[in-house]
Amino acid sequence: MKKYLILQKNIQDKMREKATTLYLGPQHPGITGNMMVRLKVEGDTIVKATTEVGYLHRAFEKLQEKRNWLQSFTLLCRFCVPEPDPVEESYARAVELLEGREVPERAKYIRVLMLELARLGSYMLWYGGQNGSLGLYTMGQWSVGDRNYILDLFEELTGGRIYHMYIWPGGVRRDFPEGFEDKVLRTMDYLEKRVKDYDDLMFDNAIFQKRTQGVGIIPKEKAVEWGVVGPVLRGCGIRSDIRIDDPYEVYDKLDFEVPTAEGGDIWARALVRRQEVRQSIKIIRQVIEKIPSGDYYNPIPNPQKWTLPKGDAYARTEAVRGEVGIFIASDGGTKPRRVHFRGAAYVHGITLLENLLVGENVADVSAIMNSLGTCPPEIER
Amino acid sequence: MINDKNSQKIVDFIQNWARKHSIWVLAYGTGCGAIEIPPTMTSRYDAERLGVRGAATPRQADVLLITGYLTTKTLKRVIRVYEQMQDPKYVIGFGSCTINGGMYYDSYNTIKVLDKYLPVDVYINGCMPRPEAVLSGFAKLQELIAQGKANGAQKYKDNLDWYRENQKKIIPNWVMPEYNW
Amino acid sequence: MDSIWFKLLGVVVSFIVAFTVGMTYMGLSRKITARVQNRKGPPFYQNFIDAMKLGSKTSAIHHGVMQHFGPAFLMVSSVMSLMIIPVLNNGMWFSNLNFHGDLIFLLYIMVFGPLGMALGAGQTGNPNSAIGVTRGLSQMVGFEIPWVMALVALMIQYHTTSIVDLMNIQVESGTWLIFSSPFAFIAAVLAMLGMFRYSPFDIVGAPTELASGPMSENGGKYLFTMMSSASVFAFAKLTLYVDLFLGGASNLIELLIKTFVIYMIPVLYGVVSPRYRTEQSIRYFWGWPTFFGLLAILYAVFF
Amino acid sequence: MDELKTKIIERIKANFQDATENNSFNYNRLDFNVNKTTVPSILFYLKDEMGFKHLSHITCVDWLEEGELELIFIVWSPVDKIKVFVRTRLDRENPVMDNIDMIWRQAHTYEREFREMFGIQFTGLEAPQDFLLEDWDGPPPMRRDFHTEEYASETFFERPGREDAGDVREEIIKRSGEEIPDFAKKYSR
Amino acid sequence: METIFLIFILFLGGAIVTWMAGKLGNIVQDILFLATILVPSYLFYTNVATGYAIDFNVGGIELSWGINAFGWLFSLIVLGLGAFAAFYAVSFMKGKERRGAFYLNFILSIMAMLGILMSQDLISFFIFWEIMTWSSYIMVVYNGNDVQRIGIKYFVFSAIGAYAMLMAIVLIKSMTGSFMIESLISSYTSFSYDMQILIPVLLLTGFGVKAAIMPLHVWAPGAYSNAPMAYTSIFSGSLSKMGIYGMVIVFTTMLSYVPEGVWFRGVVAWLGGFTAVFGTLWAIKQDDAKKLLAYSSVAQLGYIIVGVAIGTPLAMMAGLFLAVMHAIFKGTLFMVVGAIERQTGTSNFTEVTGLIRKMPWTFVAALMSIIALAGIPPLGGFVGKWMLYESLITSDHYLLVIVIFFSSTAAFLYCYKFLFGFFLGQEEEEWAHVKEAPALMVVPMVILAGLTFLLGTYPGIILKPIANGMQTLGYGMTQGQLWDTSIILNEWGNQVVLQPILYAILGIFVFFVIFVTIKGYKNTRYVTTKDISSSGEVPLAHENLTFSQGFFQPFLRAVEPAMRRQIDKYYTAIANGLESLFDFTRRIYTGNGQTYAIFVIVFVVILLIFKNSIFG
């Protein structure tokens, strides 16, 4: 096991260092978004890695203090662009927890549908990113192209491809359009077919296996302590999923499995994600099957005058990258006192990444980052 | 011999035609708009059929795509990258936030008007612009290039002092090699 | 007909042919890759436009004289290879300098360019370039072994080191060397995967790690020269394979068909492969390809 | 759930006298208010003795009117499936807090952020001063007495907006020469 | 007086006078030094004809000095490189301590090498050999650092070689009754079978140490890198060639008469092949330029040994041509390292960087020699490499050619490392003050580098003396058979015509350089190496952007299994074993006179048994 990395004191040292500095980002094809990893390399082995963030700091949490409870949604979905729905859902649920507002059953099912569709879409991007980082660009072309079908569903349901602002406190913004269920099922049929193609191209590929097995290993016994969450944690062989452990919406009424894989390397994480795509499709089918009819929205009062009781709430959601959560604190006014977002990448992208990269090969940095699901806007907000 | 002026015209026409159909976009996702770049490049929208293609380093790139809001920290890098690009070079402002700050109008860390800091050739509005909008932005840029009107780099060169003044207002700690074009 | 000016004209003509064919092939490979990826893809002449655009860039920077010379080194390598590889087995236009078509000389002139380019990349001072160069050179040591084994097998089988002789042998006997020394062909083709630097052997300029590796600092006219050189070189290499194993070609159409078939091997293999790390690719080349090379030598010695 | 909560409260109260609990939630959440000096030890205790291995979140709330900053540590037990909030209050004028990144390494990141955004000094935190911001010389921006709108209008250029709120599509068409597509016409005012 | 004696007297006297002349001032000493090198060389080339020899008698031992065409070829290496190195040394030694000792040993080495070439008898051969060894040993320990390890290693191996040679000489004398090389060769076939094997083995061991062949190469990297660079250029360039000289004679005279010769040749050729491979691999690993070049020398000597050992006309010619080329380019490269070390104070790649704009002429010399070393046309190394490959292929050494080719391709790696490490990469602040080396150092380097260029196109210049030399060794070769002024051929009749290739390469190069230069000339700018596309970031002052640590790590990782076994370790084990043996011996020496007497008796008995069993 690698030694725990401790930031060195002599950062201000003016002597020329021995190790070569490589800047991976912010302008770099291999970086996942706008962030920077400062690599110190000797040969092609990394001796030290420092994540630098802040290129995307838009002060969301400051701005949300200036918006009322509902206006926050325009900002919320921009927290993490590939998969904005879990953030919206967390926020809506946190508000509901604080206010004690009931949500209709149908709305809960629709939320689950949204979350799982978002999960699928995000996995499609991950397919592209993970393979792009290893040089298999065909996979990215396929999966990102197929992701458009999911975005089409979003577009029909919510009006937006990427940003939905669909899940609101008290339910969802609008009901299914006519024939939407069929479209969802058709899309799922198509994706199931495609996922098999992906397996052929990616998981059955000897080079992919060679490149990913034994790279970026997270030790199982340290994983929870290091703050590893989501598929990355399940890739270490630990069965942990907020959908099961701390169930929200209607996940406890749905039948699905939480896949795990042993090893803690990129390959194990990829295996977990491979299964999760299938589980998501299964959940979506169940949602379409089980969704009750009825009201989809428990209306909130005039947002300009809508106040929440003093107190705070914290809601967590299982996103693709892992656990995301929203903490809100209210002082009893029409605007939040504090909204604080917890992203998985906040841990994965900084301390965990810095830790994992030491001793790895330069060639694997991008693959490791992609397998951890580092998403810089989530770190910087 | 051909008249100098006419031959220059023909050469310009051919060069602009080539530039128009070969747009190498610098791989720099400065903001959240970068999420619509992969769909634009991949199978459904396939920008490569217009000659749009990614370039890894600024030395090889033609177009700097500012995908959304620019924080002050990123602005510094963007300027650095822009100045390392080789003429002729173009800037596309992407999304409302580059035009007027968009929803970040009151944020303390993002710039609101991109064209005060960099010469923007084409703005694409929307938050965020759909791939179709991005493609239409590229088409607009192609049109401008063909007409020889996409001369932001020249504007930057001519008004360097003015741009520098604006930039240095935001970036107090200015340590960069001089721009010597 | 033997005058120096005629030869020179022949060089220019074959350069133009090589440039055009190489560029078109690269464009076609982009098109084919796009079709595999469910896309329409750029037009097949997209590479010409890219080259023209790069050529029409108005400014360029360099970090010193070696970077300035780098593209010229590359060009020396590719044009020299083109000149000593007989393009057609009876074309007087394309005969160039082919009486020098010595295989060992070819081996060395083919590394001339990459090494010169490496010097140019080194002078930029960009660590990405330097790392890319070290990867490229290491990988070169990898694939040169099976490649040389294949060539040595041919040499000892036919007692000549000249490409022209090998071509004539095929014309006279009517049997392509691909049939009479199949193991050498396998080893050579596997080595070719590395030579073309398509996936899975494209670690040299892997974008997700090193931006574009040795070419990180080159733009505009430098990149244009390199692109042209790459296309000429690609054509030269393909012609070499056709000359050595597929019996050469008596006219351009035949040559185009044969080279295109050979060219599709690395392209199609590359579309569905991620890239190897450097040491993995070296080990790959020293595995099965070298084994086939040994087989080829044994075959040549004992049969 | 209630049994579990009482058990946890008992154990915590037995070890940390200054901890006051808030057990008013009907879901898996439990709050403890402690002094800031107790925070490292209670977190250590929760992590090592009671199975709260997972640090879910750390957050900071600025109570400007009360002159205090509230730090909240949210820990989660994968075994008992319960969240515990450890809350403490710091003086707003001179916020000093013990560094806890030896308990959870990821707390390091939170501490860097709070140092920058709220001006909380964590004793023994070894990290570069800048985290999200670069060359920032104003007050800590997440404090409620920092007014972002004023700062933005002072620092950045603003594009002047339109005077009226009329329909500008005609104007745009005139400028660009494009036709309004048919589907859009029915929305015309 | 005979000119031959005059030459040696001038050398000897000049050496001593130069040594003493330190008090007269540095310039006088320098001039004396140069004169001592140049005047005898001039006399040698003007007055000593090839094939001429004088016999004389000292104390009842018949001695014979003279030069044949083969020796004359090597004298080119010795005196030619010696003269260039001497000019270089004058400037190199400016302001250094112990100049007198340096000059003395330098001259003695040159004299000893010339003496070896001129010796026609084994006694004077051995004496000159020992002078050469001792003078070079003093140079190895000249700097005084690491004498324990490096000096003793060199000393021990030289001693092993010398004793092997001495034993062979004694055996020869006991069998032929004469020290003359002629008589050895003529009566070799009449030796017993054991002797026919033993004498070449002993002689090859002796020569192999100097030629740094594989199991005996251990001393070379340390010794080459530890001597002053001005001397190392002749140490590696000429001194090692004396081993080759001896080997060639052994192979072409004795071993060509006996059937075991083929077997010998095979073993030595494969040893040479492995020397080339492992020398190259270890060279790639080095971070110090001196070490790198030292290992590279070992590897290059491996090629030469392969060519010499295979011994077909083409192979022999390739080996000898490579020997000449190696003297030129390796001499230059050591001079380059010396110049860089003099100007910067270090020869470590991880420290020095970006000197190309500071030391352009040194760079030109280094570039040319490196291209020659790598064997890339149109420079001289290519001719040698080509002939070597062709000879191996035509003489059915298929696997050896793969081994050699591997080593030669892998050599590109260290070649690039050498150029990149010193000259390319970031131009750092700490080396901003560095200036070009003095003219007296630059000019020899550039001229030598130019020679590689000349020989690459017109190898006939040097192939003619080589063919002449080979004729005296029994190879009948005429111009046009395997070579011409600018054409090289193999035994199957395939040829490379070098002249048009040179013109073509130069033409294409100049054309495209002009193209790149005039295209957009006005808007082409030079920017500093700090202005690189580092992902949009501006690097901090203390951050190192030069890639110099672990340069070829991925490659080394791939060949790691081959490099795990280091031959040094076996020697260390032997040394440790010997140490414990000595420890044991020390216990035997109790100080008691009677025990000593017993030991002496036992020793004599063993000697008698040994003598009877061998000499029967």
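Among contacts in chain E between residues at least 6 apart in sequence, 80% join residues at least 24 apart, where two residues count as in contact if their C-beta atoms, placed from the backbone, lie within 7 Å. This is a predicted model, in which local features need pLDDT of at least 70 and side-chain atom pairs count only at pLDDT 80 or more, whereas totals for chains, interfaces and linings use all residues. Residues are numbered from 1 along each chain as its sequence is written, while chains are lettered from A and ligands numbered from 1 in the order in which they are written.

Chain E has a secondary structure of 23 helices and 5 strands; helices (H or I, at least four residues) and strands (E, at least two) are DSSP runs, numbered from the N terminus. Along the principal axes, the C-alpha trace of chain E spans about 90 × 65 × 55 Å. Because a compact globule of 616 residues would have a radius of gyration near 25 Å, the 25 Å found for chain E agrees with that expectation; the radius is taken over C-alpha atoms, and the globule rule is 2.2 Å times the number of residues to the power 0.38. Of the 616 residues in chain E, 54% are buried, a residue being buried if 20 or more other C-beta atoms lie within 10 Å of its own, exposed if 12 or fewer, and partly exposed in between, with C-beta atoms placed from the backbone. Chain E is divided into domain 1 (259–496) and domain 2 (567–615), with bounds that come from an automatic or database domain assignment, and the C-alpha centres of these two domains of chain E lie 44 Å apart.

Strand 1 (residues 52–58) of chain E and strand 2 (residues 61–67) of chain E run antiparallel and are joined by 7 bridges, two strands being paired if DSSP finds at least two bridges between them. The hairpin that they form has 2 residues between the strands, and E:Gly59 in the turn has a positive phi of about 60 degrees. E:Val58 has E:Ile61 in strand 2 of chain E as its bridge partner. How many of the 7 residues in strand 1 of chain E are buried? The count is 0, and strand 1 of chain E is thus described as hardly covered.

We turn now to the contacts between chains. Of the 8 pairs of chains that touch, chains C and E have the most contacts, and their contact takes 58 residues from chain E and 66 residues from chain C. The elements of chain E that give two or more residues to this side include helix 15 (380–394), helix 16 (398–422) and helix 19 (498–518), and the largest share, 12 residues, comes from helix 16 of chain E. By class, the side of chain E that touches chain C divides into 41 nonpolar, 12 polar and 5 charged residues; here Ala, Val, Leu, Ile, Met, Phe, Trp, Tyr, Cys and Pro count as nonpolar, Asp, Glu, Lys and Arg as charged, and the others, Gly among them, as polar. Strand pairing also links the two chains, with 3 bridges joining strand 1 (residues 60–62) of chain C to strand 5 of chain E in a parallel arrangement, and C:His62 standing opposite E:Tyr526 in strand 5 of chain E.

Within chain C, helix 1 (residues 4–36) and helix 2 (residues 46–55) pack at an angle of about 115 degrees, with their axes 7 Å apart; axes are lines fitted to C-alpha atoms, for helices over the stretch in contact, and angles run from 0 to 180 degrees between N-to-C directions. In this packing, C:Met23, C:Met26, C:Gly27 and C:Arg30 of helix 1 meet C:Gln46, C:Asn47, C:Phe48 and C:Ala51 of helix 2, and the residues of the contact divide into 4 nonpolar, 3 polar and 1 charged.

Chain C also touches chain A, in a contact that takes 27 residues from chain A and 23 residues from chain C, and the side of chain A that touches chain C has 11 nonpolar, 13 polar and 3 charged residues. By contrast, no contact joins chain C and chain D, whose closest C-alpha atoms lie 25 Å apart, nor does any contact join chain D and chain E, whose closest C-alpha atoms lie 13 Å apart.

Chain B has 7 helices and 7 strands, and buried residues make up 60% of its 181 residues.
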